[in-house]
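The structure comes up first, then my entries.

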Amino acid sequence: MKIKQVLNALEKFAPLPLQESWDNAGLQVGLTEADVSGVLLCLDVTEAVMDEALAEGCNLIVSHHPLLFHGIKQLTDGNMVNRCVIKAVKHDIAVVSMHTNMDNARNGVNWKIAEHMGLRNVRFMACKAVAENVEAGSGVVGELASAMAAADFISMVKERFGVKCAMCNELLERPVRKVAICGGAGDFLLDTAVEEGADAFVTGEMHYHQYFGYGQRIQICVTGHYESEQFTTEVFRDIIKSECPGVEVKTAHTNTNPILYI
């Protein structure tokens, strides 16, 4: 199996035109004609992840967040991104990133979050017109199997995401049944969630001032950016195992979350 076949399978599931205009998804580094020795899945590409790929004998890294967001004017050892690129080239490791195209794809990042939360009747929250016969959207909305008190809902979210705390506004006094989701930095969809009639909005990060003014309109529950997208590697794994049988797929053990809760 060639690296390009794995890349094609990922892009078939989440075509690159689905990405936001500011994004840089797709092939980051490497040659695609090489045979795949193994695939390492991660959220972020760091030097520790590169070392793990080498130790595991993987010559393809598939990440959620792109290694290269901006152009490189000097290829030196002056920063982590450059050092990762140098190591990738030196050791013939290809790096592929599926970012906002995977966020916006049906059954992508947000759908996987909804699955972990046990939501039913899931659909896009804000549909996007990208290309003919390509369905895409920002965020999803779905329903819990049964309504929950706001405090119980937040406890459930914390348990499913494996976090000890969540950033929330005041507790909603009505039951939570309809839930809106956007992994990562999803605060741009907060008003859309309200318009959708959602009882709660779950996302990875939100600006301070956006917590004001929503009171009893919607229950805000923010888990942390890394924490909200931690299930993304499951999406990658399922695509590759389905479309590229026989390819060895491993999920990185390296925790790349740069935020420490002390």
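**Basis.** I am working with a predicted model, in which local features need pLDDT of at least 70 and side-chain atom pairs count only at pLDDT 80 or more, while totals for chains, interfaces and linings use all residues. Residues are numbered from 1 along each chain as its sequence is written, and side-chain values use heavy atoms, with hydrogens and water left out. Helices (H or I, at least four residues) and strands (E, at least two) are DSSP runs, numbered from the N terminus.

**Sheet.** I looked up the strand order first. Five strands make an open sheet, ordered β1-β4-β3-β2-β11, with mixed pairing; two strands pair if DSSP finds at least two bridges between them. At the edges are β1 (26–29) and β11 (249–251), each pairing on one side only. From one strand to the next, the twist averages 25°.

Strand β2 (residues 39–42) and strand β3 (residues 60–63) run in the parallel sense and share four bridges. V39 has L60 in β3 as its bridge partner.

Helix α2 (residues 47–56) lies across β2, β3 and β11, at about 155° to β2. Axes are lines fitted to C-alpha atoms, for helices over the stretch in contact, and angles run from 0 to 180 degrees between N-to-C directions.

**α2 and α3.** The axes of α2 and helix α3 (residues 80–90) come within 9 Å and cross at roughly 15°. That makes α2 roughly parallel to α3; the cut-offs are under 35 degrees for roughly parallel, over 145 for roughly antiparallel, 65 to 115 for roughly perpendicular, and oblique for the rest. The crossing is left-handed, a term for the near helix being turned anticlockwise from the far one by less than a right angle, with clockwise being right-handed. On the α2 side I noted E47, M50, D51 and L54, which meet M80, R83, C84, K87 and A88 in α3. Contact means heavy atoms within 4.5 Å.

By class, this contact of α2 with α3 has five nonpolar, no polar and four charged residues. Ala, Val, Leu, Ile, Met, Phe, Trp, Tyr, Cys and Pro count as nonpolar, Asp, Glu, Lys and Arg as charged, and the others, Gly among them, as polar.

**α1 and α9.** Helix α1 (residues 3–13) and helix α9 (residues 232–243) have axes that come within 10 Å and cross at roughly 120°. That makes α1 oblique to α9, and the crossing is right-handed. V6, A9, L10 and F13 of α1 make the contact with V235, F236, I239, I240 and E243 of α9. I class the residues of α1 with α9 as eight nonpolar, no polar and one charged.

**α5 and α9.** Helix α5 (residues 109–116) packs on α9 at about 110°, the axes being 9 Å apart. That makes α5 roughly perpendicular to α9. V109, K112 and H116 of α5 touch T232, E234, V235 and D238 of α9. The residues of this contact are two nonpolar, two polar and three charged.

**Rings.** How many aromatic pairs does the structure hold? I found three. Rings of Phe, Tyr and Trp (its six-membered ring) pair if their centres lie within 6.5 Å; planes under 30 degrees apart count as stacked, over 60 as edge-to-face and the rest as tilted. The F161 and F231 rings have centres 5.7 Å apart and planes at 50°, so the pair is tilted. F161 is in helix α6 (residues 150–161) and F231 in the loop between α8 (225–228) and α9, so placed 70 residues apart in the chain.
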